[in-house]
Amino acid sequence: MVNRRGMVFGVAAYVLWGLFPLYWPLLKPAGAMEILAHRIMWSLVAVLAILAVRRNWGWIRSLTARKLAILTLAAAVITANWGTYIYAVNTGHTIEAALGYFINPLISVLLGVVIFRERLRPWQWLAVGLSVAAVVVLTADYGRLPWIALVLAFSFGTYGLMKKFASMPSAESLAVETTVLFLPALGFALALQVQGDGAFGHEGTGNMALLAAAGVVTAIPLMLFNASAVRIPLSTIGMLQYLAPVLQFLIGLLVQHEEMPPSRWAGFLLVWAALIILTADGVRAGHRTRRAARAERIVAEAA
């Protein structure tokens, strides 16, 4: 039976991530890079506060040079992801950003093939083929590669891979990543102030508060996700992850009134068909694995 609190935490995390497109435009006239710099700096403040409340510092002793190197790479990748996403939302490309997170599970499948030499089942190959067809259709529609979606999908997929290699809890790893990024972010923010191009401190206390709150906005869904991940199965989390891009898509379509011509709908329908196939195949494979495990257990007990 699925843990109810775990489900509530998981839904809350993905709903908050899905509502991000409503938050970043509030930080204008700050540009995407300034917002990114403040998100990094204030995220470090927020996550250190959370760790201090937990009195959780023992993990620092287990931070090896290898883990630090992996998390430094992860920090660079998530910087590209955060920056691209903020740019997309604040320049009227929220739907394309949502596409990136719809594609992400398919990218994870491809990374499994390339990195771990996993063999795909026929239905998985069909899902990958449909996603490639979707990119072709959307390239024709946009008149360019849907680069925002591809950058978001590949960067987040790579980030997940780096986190898997590092094998550290999210809060602790985020603390390392934002520590690595803090000085470059601070240097960039100070340079903007010196040049007179920074919004922070020049657009009223409301704008300052919203920029500073970017750290809490980043940390809260992360903590909710952590609380969910330890309570509910990974397969359930995999289903919940679609909540975020669905909400992002709806915000782009219904709130920000972005265009969706028929050719773009065709591309998205191909992606959604690929995700339905991928999810159904994963559920079937999970059932087969569990049945096989039960059968082995029964045989072992009978012996």
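**Reading the model**

Modeller: Ala285 is found in helix α12, which spans residues 262-302; helices are DSSP runs of H or I with at least four residues, numbered from the N terminus. This is a predicted model, in which local features need pLDDT of at least 70, side-chain atom pairs count only at pLDDT 80 or more, and totals for chains, interfaces and linings use all residues. Residues are numbered from 1 along each chain as its sequence is written, and side-chain values use heavy atoms, with hydrogens and water left out.

Biologist: Is Ala285 buried or exposed?

Modeller: The classes rest on relative accessible area, where buried means under 20%, exposed over 50%, and partly exposed in between, using a 1.4 Å probe and protein chains only. Ala285 has a relative accessibility of 14%, and therefore it counts as buried.

Biologist: Which class does Pro29 belong to?

Modeller: Pro29 is found in the loop between α2 (20-23) and α3 (32-54). It touches Ala199, Glu203 and Asn207, not counting residues up to four places away in sequence, where contact means heavy atoms within 4.5 Å. Because its relative accessible area is 53%, Pro29 is exposed.

Biologist: How many salt bridges does the structure hold?

Modeller: A salt bridge is a side-chain nitrogen of Lys or Arg within 4 Å of a carboxyl oxygen of Asp or Glu. Arg121, Asp281 and Arg284 are linked in a network of such bridges. For the structure, the number of salt bridges is 5.

Biologist: In the salt bridge of Glu96 with Arg144, what is the N to O distance?

Modeller: Glu96 is buried, with a relative accessible area of 1%, whereas Arg144 is partly exposed, at 25%. The side chains of Glu96 and Arg144 meet in this salt bridge with an N to O distance of 2.8 Å.

Biologist: How far apart in sequence are the parts that Glu177 and Lys163 tie together?

Modeller: The side chains of Glu177 and Lys163 meet in a salt bridge, at 3.2 Å from N to O. Glu177 lies in helix α8 and Lys163 in helix α7, so the pair ties together parts whose separation in sequence is 14 residues.

Biologist: Asp141 forms a salt bridge with which residue?

Modeller: In this bridge the closest N and O atoms are 2.5 Å apart, and the partner of Asp141 is Arg264. The pair links distant parts of the chain, 123 residues apart, with Asp141 in helix α6 and, in helix α12, Arg264.

Definitions and conventions. Helix = DSSP H or I, 4+ residues; strand = E, 2+ residues; numbered from the N terminus.
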